[in-house]
Amino acid sequence: QQKRAQRGAVCVFNKNLFEQVRLEEARLAGLTKAIEHNELTVAYQPIVAAETHQIISVEALLRWEFDGEIISPVVFIPLAEKCGLINTLGLWVLERACTEMQQLDPTPAPALSVNVSVLQLLEEDFIANIDRVLHTTGFAPERLHLEITESALAQNRLVLDEKVGALKARQIQISIDDFGTGFSSLSQLQLLSFDRIKIDKSFVMNFTSSNQAIVRATLMIAKEFGCQTVAEGVETRWQAQQLQSMGVSHLQGYYFARPMPLNPLADWLTQQEN
Ligand code: C2E
Ligand code: MG
Ligand code: MG
Ligand code: MG
């Protein structure tokens with residue numbers, strides 16, 4: 001009896017696994033096509049100054065609609081990384097976002113923050129590609145911020161240091177994304193090289209006293225290393241007030257604005273100016 005049940009369980013597991021692989025293959029084929037046919041879009045989410053709520057920058061976030069379904073970047077970015085598509089994808093976002101941001105004309109012009117995968121950073125042509133996009137779009141390097149996840153920074157330190165140095169020489173700013181979630185050792189992080197620390201939204205959305213203590217500790221570290229701080233996932237006025245009074249310099253979250261396509265962003269920016 002028990003054995004049969006076990007055998008059954010194994011069968012169900014295999015079927016799920018089989019279906020998972022099929023789904024992944026379908027998505028991979030879809031993603032390749034989406035890149036070729038320009039079916040991806042970029043959504044932009046404002047990042048504001050904690051004290052004045054004035055816009056400082058926007059973060060570019062990839063969006064993909066496949067088979068009538070919006071697939072989260074949390075799903076397709078790892079897929080692209082696994083299948084060697086991330087360089088093409090990363091370059092596509094950078095180029096699209098720089099081009100679209102040039103179509104906006106607000107004063108002051110916000111900076112643009114783009115997420116980069118560590119696999120892109122490790123790519124030999126990474127810096128040359130950035131230079132090319134900045135050149136062809138005319139986007140000013142000092143307006144470009146790149147976000148690198150904390151977990152990525154544990155890898156291949158030597159190559160990363162070299163790339164980070166090259167970016168800094170171009171006055172491109174660098175943020176550590178998802179800070180506090182990556183198990184990296186603080187001594188390895190070389191915090192001096194970074195301009196900004198992004199406090200992961202998990203600490204903000206679950207704003208318990210323990211997570212508040214972690215935010216305070218992060219602020220102390222950031223201060224020591226001369227980094228600005230951004231808190232993600234701010235959904236309520238209370239969270240915004242708490243984070244501001246704790247000394248976080250920048251805020252990002254649904255309370256201020258959701259990620260949105262270029263045209264709504266343009267309207268949002270106009271509203272803020274008035
Ligand atoms: P991330 O870089 O940490 O981006 C922040 C995520 O938090 C975004 O999710 C954003 O929509 C979400 N968010 C912002 N404010 C709030 C809030 O108040 N409440 C809640 N619940 N969520 C909020 P999204 O767009 O789904 O992106 C997820 C992750 O996918 C990003 O996390 C980033 O790691 C990755 N990603 C997105 N676009 C790209 C890209 O172009 N390249 C790479 N390499 N990764 C990307
Ligand atoms: Mg990010
Ligand atoms: Mg983040
Ligand atoms: Mg995050």
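This is a predicted model: local features need pLDDT of at least 70, side-chain atom pairs count only at pLDDT 80 or more; totals for chains, interfaces and linings use all residues.
Before you start, residues are numbered from 1 along each chain as its sequence is written, while chains are lettered from A and ligands numbered from 1 in the order in which they are written. Local features need pLDDT of at least 70 and side-chain atom pairs count only at pLDDT 80 or more, while totals for chains, interfaces and linings use all residues; side-chain values use heavy atoms, with hydrogens and water left out.

**Exercise 1. Find out what mean pLDDT the chain has.**

Step 1: pLDDT is the predictor's confidence in each residue, from 0 to 100.

Step 2: The chain's mean is 90, and 95% of its residues reach 70 or more.

**Exercise 2. Work out which residues coordinate the magnesium ion (ligand 3), and whether Asp 177 is buried or exposed.**

Step 1: Look for donors, meaning N, O and S atoms within 2.8 Å of the metal (3.2 Å for Na, K and Ca); water is not among the atoms, so sites may look incomplete.

Step 2: Asp 177 (OD), Asp 178 (OD) and Glu 232 (OE) turn up at 1.7 to 2.7 Å. Along the chain, these donors follow the spacing D-D-x53-E.

Step 3: Now place them. Asp 177 sits in strand β6 and Glu 232 in the loop between β8 (228–231) and α10 (237–246), so this pair links parts of the chain 55 residues apart. Helices (H or I, at least four residues) and strands (E, at least two) are DSSP runs, numbered from the N terminus.

Step 4: Check accessibility, where buried means under 20% relative accessible area, exposed over 50%, and partly exposed in between (1.4 Å probe, protein chains only). Asp 177 has 5%, so it counts as buried. Glu 232 is buried too, at 9%.

Step 5: Look for a neighbouring ion. The magnesium ion (ligand 2) is 3.8 Å from the magnesium ion (ligand 3), and Asp 177 coordinates both.

**Exercise 3. Identify the protein donors of the magnesium ion (ligand 4) and say where they lie.**

Step 1: The donors are Asp 178 (OD) and Asp 200 (OD), 2.2 to 2.8 Å from the ion.

Step 2: Asp 178 belongs to strand β6 (residues 173–179), while Asp 200 is in the loop between β7 (196–199) and α8 (201–205), so the two tie together parts that are 22 residues apart in sequence.

Step 3: Asp 178 counts as partly exposed because its relative accessibility is 23%. Asp 200, at 11%, counts as buried.

Step 4: From the magnesium ion (ligand 4) to the magnesium ion (ligand 2) is 5.9 Å.

**Exercise 4. Trace how β8 pairs with β7 and with β9.**

Step 1: Two strands pair if DSSP finds at least two bridges between them.

Step 2: β7 and β8 have 4 bridges and pair in the parallel sense. Here Lys 198 stands opposite Val 230 in β8.

Step 3: Between β8 and strand β9 (residues 250–251) there are 2 bridges, again in the parallel sense. Val 230 stands opposite His 250 in β9.
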